[in-house]
Amino acid sequence: MAARAMTPAARGQAVDRSVARLFEAFDHVPVAAVIRHAEDLPRALASQVPAIFFVRAPAFHLGPLVWAVQARGKMAFVHIDLIAGLGKDRAGIAFLAREIGVNGIITSHSGLVAAAKAERVIAVQRLLLYDDLALHPAMAAIEHARPDIVEVQPAVIFPLVADQIRARHPVPIIVGGFVTEPHQREAALQRGARAISTSKMSLWP
Amino acid sequence: MRTPGLSGAMLPAVRDSNSLHQALDLGYRQLLLERGSLLAMVGPLAAAARRGVAIFVNLDGVEGLAADSAALAFLATDLGFSGVLSVKPHILRDASRFRLRTIQRIHALDSTGLETGLNSMGQPAPYAIAIAPAVAIPQVMATIRGSTNVPVWGTGFITTTDQAAAVLAAGADVVSSAELELWREFRAAPIGD
């Protein structure tokens, strides 16, 4: 398979190109649709969102959903920490990357970011900022793991930490978690988020 | 319970003996040991508990304690602490057997996670739930109240007066902060107001 033969440099270029393509699309429609239930997918497919985040889906039934997303010219990301049935390890990432062909992997864990980077997929590291005790390990983690994209949760924390994150690891930031109103989306974008992620359908343009 | 309960809306989050003494000097009768080594400050903590100060421990944040029955017995029986916080329902179930007040920590990071947290609440019902980060409380209070009526504490990322006031205005009974300025400001704030 091509992915296996790829050199690190080639991997980097391929992923850099897809990251660039994603953020070009986010410049027009800065929203990723979070799919919590499979029945929400048709609405997301019909929307203009350039990316769809799968959380909670059962891993071994994910293929057709991911391919439906890609058939619409959108990118499919899978949250490996949350989906059922799949090992949270290198083999789990390889399955998503090679067998299903996801565009990207979302995870909180630095080790899985490294595994995603070793495959030909975009690595999104989610920072779970529930208190400032969580903040310092999270900052160290992104500096160490160097994901392609950082996702900050919950959105209300983003203004408090935006500058610190950028200083540590200047990559595009997506903001999610309780973004349910247009003014919350605007607030995140104004503070420099490149996109928001939300399961709230009324925010899928 | 023979141990003291809450006495106000501000719960000072202490992390070392310095901040412990600052909170006590301000007249606080309640404290949250949020992190740091409990064992390194066990003397002053025990002394405060003996004087009737309500002490709550975040078991997910402090160092030096195992999350087992021996540790819970030590907090309840030897130290006379009032309660414990944890994200783990089984630890709280153990804690309730030692007559500690149990506060279920729930991370409010997104609606998926909040739902999981609210559904994870075990039996017996906790004394309260602690939502982290507290600054999310104005956005999630309606969801919480759709699922439980227990008192709500807010912990995490509270550094300004406006944030603390917004959390209380949204219906939280208690807000916790590590900021000395806020301890001064909210010293007289009554619980659940």
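I take helices (H or I, at least four residues) and strands (E, at least two) as DSSP runs, numbered from the N terminus. This is a predicted model: local features need pLDDT of at least 70, side-chain atom pairs count only at pLDDT 80 or more, and totals for chains, interfaces and linings use all residues. Residues are numbered from 1 along each chain as its sequence is written, and chains are lettered from A and ligands numbered from 1 in the order in which they are written.

**Chain A, overall**

I found 9 helices and 8 strands in chain A. Its radius of gyration is 16 Å, close to the 17 Å of the globule rule for 205 residues, so chain A is as compact as a globular protein of that length. (The radius is taken over C-alpha atoms; the rule is 2.2 Å times the number of residues to the power 0.38.) The C-alpha atoms fill a box of roughly 45 × 35 × 30 Å along the principal axes. I call a residue buried if 20 or more other C-beta atoms lie within 10 Å of its own, exposed if 12 or fewer, and partly exposed in between, with C-beta atoms placed from the backbone. Buried residues make up 45% of the 205 in chain A.

**Chain B, overall**

Chain B has 8 helices and 10 strands. Its radius of gyration is 15 Å against 16 Å from the globule rule for 193 residues, so chain B is also as compact as a globular protein of its length. The C-alpha trace spans about 40 × 35 × 25 Å along its principal axes. Of the 193 residues, 49% are buried.

**Between the chains**

I count a contact when two C-beta atoms, placed from the backbone, lie within 7 Å. The contact takes 18 residues from chain A and 17 residues from chain B. The chain A side has 10 nonpolar, 4 polar and 4 charged residues. (Ala, Val, Leu, Ile, Met, Phe, Trp, Tyr, Cys and Pro are nonpolar; Asp, Glu, Lys and Arg are charged; the others, Gly among them, are polar.)

Most residues other than glycine have a negative phi, and most peptide bonds are trans. I looked for exceptions.

A cis peptide bond joins A:Gln153 and A:Pro154, with omega about -10 degrees. A:Pro154 sits in the loop between strand E6 (149–153) and H8 of chain A. Another cis bond joins B:Ala132 and B:Pro133, with omega about 0 degrees. B:Pro133 is in the loop between strand E8 (128–132) and helix H6 (137–145) of chain B.

A:Phe178 is not a glycine, yet its phi is positive, about 65 degrees. I located A:Phe178 in the loop between strand E7 (173–176) and helix H9 (182–190) of chain A. Is A:Phe178 buried or exposed? It has 22 C-beta neighbours inside 10 Å, so it counts as buried.

B:Arg99 has a positive phi too, near 60 degrees. B:Arg99 lies in the loop between helix H4 (89–97) and strand E7 (101–107) of chain B. With 13 other C-beta atoms within 10 Å, B:Arg99 is partly exposed.

**A:Lys200**

I checked A:Lys200, in the segment after strand E8 (195–198) of chain A. Its C-alpha atom is 8.7 Å from that of A:Phe178, 22 residues apart along the chain. Leaving aside neighbours within four places in sequence, A:Lys200 is in contact with A:Val179 and A:Thr180. A:Lys200 has 18 C-beta neighbours inside 10 Å and so counts as partly exposed.
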